[in-house]
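Biologist: I would like to go through this model feature by feature. Please give the general idea each time, then the case at hand.

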Amino acid sequence: MGRALRAARAAARRGEVPVGAVVVHGDRPLSAAGNCSVGHHDPTAHAEVVALRRAARRIGNHRLAGATLYVTLEPCLMCCGAAVHARIDRMVYGADDPKVGAISSLFRKGGPAGLNHRFAVAGGVRAHECAEVLRAFFKVRRRGRLK
């Protein structure tokens, strides 16, 4: 989760919403990414999707069986769908996202019934630290709008 937090902080420095993600296979990190939707003009360039794409390219396979996806914020439905299609084994996330987080609703137990793949989920890992990165970013943003 430390690497994901570093990626989130780097995203914040670029003006992106500070979410970071890391894909690990065993003890081997495959990729890390921060959000880059704004800079890439790409609504799908969430940290999780970018990290999954990079990991898949690195191993030369669109399936990431045996991999764990670490992410600083509870993933949205799109990112959970990408994780299902990548066939990850496990997802670990930090802060809850009560607005658009899909884990606590749809993916609480690895995905809705009927999906062709499910994965283990662990939430709340370094949640306070992950949430603080987001709070600090939006506090600065709000302050800038009030001037």
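**Reading a buried glutamate, a strand and a ring pair**

Modeller: Glu 74 counts as buried, at 2% relative accessibility; buried means under 20% relative accessible area, exposed over 50% and partly exposed in between, with a 1.4 Å probe and protein chains only. This is a predicted model, in which local features need pLDDT of at least 70 and side-chain atom pairs count only at pLDDT 80 or more, while totals for chains, interfaces and linings use all residues. Residues are numbered from 1 along each chain as its sequence is written, and side-chain values use heavy atoms, with hydrogens and water left out.

Biologist: Where is Glu 74 found?

Modeller: Glu 74 sits in the loop between strand E3 (67–73) and helix H4 (77–86). Helices (H or I, at least four residues) and strands (E, at least two) are DSSP runs, numbered from the N terminus.

Biologist: Which residues is Glu 74 in contact with, leaving aside neighbours within four places in sequence?

Modeller: Contact means heavy atoms within 4.5 Å. For Glu 74 the list is Tyr 93, Ala 95, Asp 96, Asp 97, Gly 101, Ala 102, Ile 103 and Ser 104. A polar atom of the Glu 74 side chain also lies 3.1 Å from the backbone nitrogen of Ile 103.

Biologist: Why is E3 described as largely enclosed by the rest of the structure?

Modeller: Because 6 of the 7 residues of E3 are buried.

Biologist: Which strands pair with E3, and in which sense?

Modeller: Two strands pair if DSSP finds at least two bridges between them. Strand E1 (residues 20–25) pairs with E3 in the antiparallel sense over 5 bridges, and Val 24 has Thr 68 of E3 as its bridge partner. Strand E4 (residues 90–95) pairs with E3 in the parallel sense, over 5 bridges; there, Tyr 70 is partnered by Val 92 of E4. The chain runs from E3 through H4 to E4 in a right-handed β-α-β crossover, that is, with the strands pointing away from the viewer, the path from the first strand over the helix to the second runs clockwise.

Biologist: How many aromatic pairs does a search of the whole structure find?

Modeller: A pair of aromatic rings is described by the distance of the centres and the angle of the planes. Rings of Phe, Tyr and Trp (its six-membered ring) pair if their centres lie within 6.5 Å; planes under 30 degrees apart count as stacked, over 60 as edge-to-face and the rest as tilted. The search finds 1 pair: Phe 137 and Phe 138, edge-to-face, 5.0 Å centre to centre with 85° between the planes.

Methods
A polar contact is a pair of N or O atoms within 3.5 Å; within protein, one must be able to donate a hydrogen and the other to accept it, and residues adjacent in sequence count only if both atoms are side-chain atoms.
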